[in-house]
Protein chains: 2
Amino acid sequence: MRGEHDGRADRILDAAKELLLRWGYRRVTIDEIAKLAGVGKGTIYLHWRTREQLFFAVGAREAVAMLDAVAAAMRADPDEIMLHRYMRRFFLEAMDRPVLRALFTRDAETLDKFLSSPARKPLEGAKLIASRDYLRVLAGHGLLRAGLRPEDLDYSLPTIVFGFFAIEPLLPPDVTLGLEDKAGHLADTLRRTFEPERPSAREPAAAEVVEIFERLSRDFRDAAYGGKHGS
Amino acid sequence: MRGEHDGRADRILDAAKELLLRWGYRRVTIDEIAKLAGVGKGTIYLHWRTREQLFFAVGAREAVAMLDAVAAAMRADPDEIMLHRYMRRFFLEAMDRPVLRALFTRDAETLDKFLSSPARKPLEGAKLIASRDYLRVLAGHGLLRAGLRPEDLDYSLPTIVFGFFAIEPLLPPDVTLGLEDKAGHLADTLRRTFEPERPSAREPAAAEVVEIFERLSRDFRDAAYGGKHGS
DNA sequence: TGCGTGACCAAGGCGCTATATTGGTCATCA
DNA sequence: TGATGACCAATATAGCGCCTTGGTCACGCA
């Protein structure tokens, strides 16, 4: 059931994404997606079991693109693996991708019921924001505050990051602050709260961290295209 | 039009609050409130112009109670004026008051349309979380990080605090963390992000700060009982 | 004589039925 | 043997009276 990679799945995901952003989750029908993608309706169900799974795949593919950008940046500059640098990029990359922006800012207009749908679960939450593995590597290399254990971040880190995303739809329209500024404030908060004043060298940890994000990216890719086999 | 303080307004607000918490904003009718308060329906409109204003007053009165508790704590212990101590108490006091908890966690079940109603505006936002005046006093007495101006906090501070409230309804039911722990994490974040490592003495600023919160409390009290005259 | 009241009214909400839409299946076809 | 679209049950929507309810105000009681 896997293997036919003529890009048909991507054409379908492209169609679903475009219609999602144009009309919002509730108004997009499978028939429309099939027509726009140039396939029969049944074909969609050869790739994903349900409508929900299909839209989950749309999000997962965006996450893959973002994670790949993150990993590339880390390969180019090891400093980028620092928690505050990573989350800064995370924020910027996510806000630049309409689907992820809608997801993280909980845009009810676009996502509607999808916000509370079970298929979303693997996408949301701490898993994506910062895997336990990543934090363990940081801690192991002296890149987190002394005495701070990865599990200490389970609550604080996602909560702080969540705030910066969730506040977006509530900001008055006349805020002069740009995305870069906001990302900068987020990074500053995380650096002061979770990182040591004089961190160790980043290079020793870089390869390991990059590998973690590459694996995360593969996981999301598998989840997106292999949705047939459940989450 | 002001002056009859036989506690009638409070009886009405008590009734509105009880019904609000029991049934949610949408299901509570003015008739029910009047009956429970033991007054005629028209009497309610002698105090507030609209249903919205009445419910705003319910929230404002809760805010008054919270601000009074805050001011009392500051009077008892000047250390309490520190930003991280204040916000710790703010979080705990707000989460302990069902109406404020619903307001700050954006509990849609309870508040429904009231969440987006215009009458809410004076209640929400940075005004309540930390007035510019308060931050100016802190800065003036060396209780904020050097070089940090009050307006630098306009975005970061409410955003961080908002995150800790707004994450609440999204937390899995099995989180073992208690309110005190959460408040502690919030305080820790704010202290490390916004306060100096070795802050000056608090006493010199205490009286000024207390006065600011007392004034804020009075403003909310006026807004609650004098709703007839607009927000 | 002026505060408090509840009958009153327009406006919006709610339930009900009939109709249309649509997610998902599967017999059929190339 | 993979792709398709007619088909179906389930759900959403539109239409439409009826009922509820926010807000007013003429009246009467203290």
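Modeller: Let's start with what counts as an element here: helices (H or I, at least four residues) and strands (E, at least two) are DSSP runs, numbered from the N terminus. By that rule A:Phe55 falls in helix H4 of chain A, residues 51-76. This is a predicted model, in which local features need pLDDT of at least 70 and side-chain atom pairs count only at pLDDT 80 or more, while totals for chains, interfaces and linings use all residues. Residues are numbered from 1 along each chain as its sequence is written, and chains are lettered from A and ligands numbered from 1 in the order in which they are written.

Biologist: Good, let's stay there. What makes A:Phe55 buried or exposed?

Modeller: A residue is buried if 20 or more other C-beta atoms lie within 10 Å of its own, exposed if 12 or fewer, and partly exposed in between, with C-beta atoms placed from the backbone. A:Phe55 has 25 other C-beta atoms within 10 Å, so A:Phe55 is buried.

Biologist: And which residues is A:Phe55 in contact with, leaving aside its neighbours within four places in sequence?

Modeller: They are A:Ala16, A:Leu20, A:Tyr25 and A:Phe114. Contact means that the C-beta atoms of two residues, placed from the backbone, lie within 7 Å.

Biologist: Now A:Arg106. What makes its phi stand out?

Modeller: Most residues other than glycine have a negative phi. A:Arg106 is not a glycine, yet its phi is positive, about 55°. A:Arg106 belongs to the loop between helix H6 (98-104) and helix H7 (108-111) of chain A. With 17 C-beta neighbours inside 10 Å, A:Arg106 falls between the two cut-offs and therefore counts as partly exposed.

Biologist: What is the phi of B:Arg106?

Modeller: Near 55°, again a positive value in a residue other than glycine.

Biologist: On to the pairing of the chains. How do you know what kind of axis relates them?

Modeller: Two copies of a chain are related by a rotation about an axis and a shift along it. Copies are superposed by least squares on the C-alpha atoms of residues with pLDDT of at least 70 in both. Chain A is laid on chain B by a turn of 180° and a shift of 0.0 Å along the axis, with an RMSD of 0.0 Å. That is the relation of a two-fold axis. In chain A, A:Gly163 has the C-alpha nearest the axis, 1.8 Å from it.

Biologist: How do you know which surface the copies meet through?

Modeller: 100% of the interface residues of chain A are also interface residues in chain B, so the copies meet through the same surface. The contact takes 14 residues from each side, chain A and chain B. On the side of chain A that touches chain B, H10(A) gives the most, with eight residues. That side divides into seven nonpolar, six polar and one charged residue; Ala, Val, Leu, Ile, Met, Phe, Trp, Tyr, Cys and Pro count as nonpolar, Asp, Glu, Lys and Arg as charged, and the others, Gly among them, as polar.

Biologist: How does the span of helix H12 of chain A, residues 203-225, compare?

Modeller: Its 23 residues should span 33 Å and the end C-alpha atoms are 34 Å apart, which agrees as well. Among the buried residues of H12(A) are A:Phe213 and A:Phe220. The cover over the buried residues of H12(A) includes H4 and helix H9 (132-140) of chain A.

Biologist: Last, the DNA. Which residues are closest to DNA strand C?

Modeller: A residue is near a strand if its C-beta atom, placed from the backbone, lies within 6 Å of it. 15 residues surround DNA strand C, the closest being A:Ile30, A:Gly42, A:Arg51, B:Gly40 and B:Gly42. H3(B) gives the most to that surface, with four residues. Around DNA strand D, H3(A) gives the most, also with four residues.

Biologist: Where does UniProt place the feature "DNA-binding region"?

Modeller: The unreviewed entry places it at residues 29-48 of chain A; UniProt positions follow the numbering used here, feature names are shortened, and annotations may be inferred rather than shown by experiment. In the model that span is 75% helix and 0% strand, with end C-alpha atoms 15 Å apart.

How values were computed
Expected span 1.5 Å × (residues − 1).
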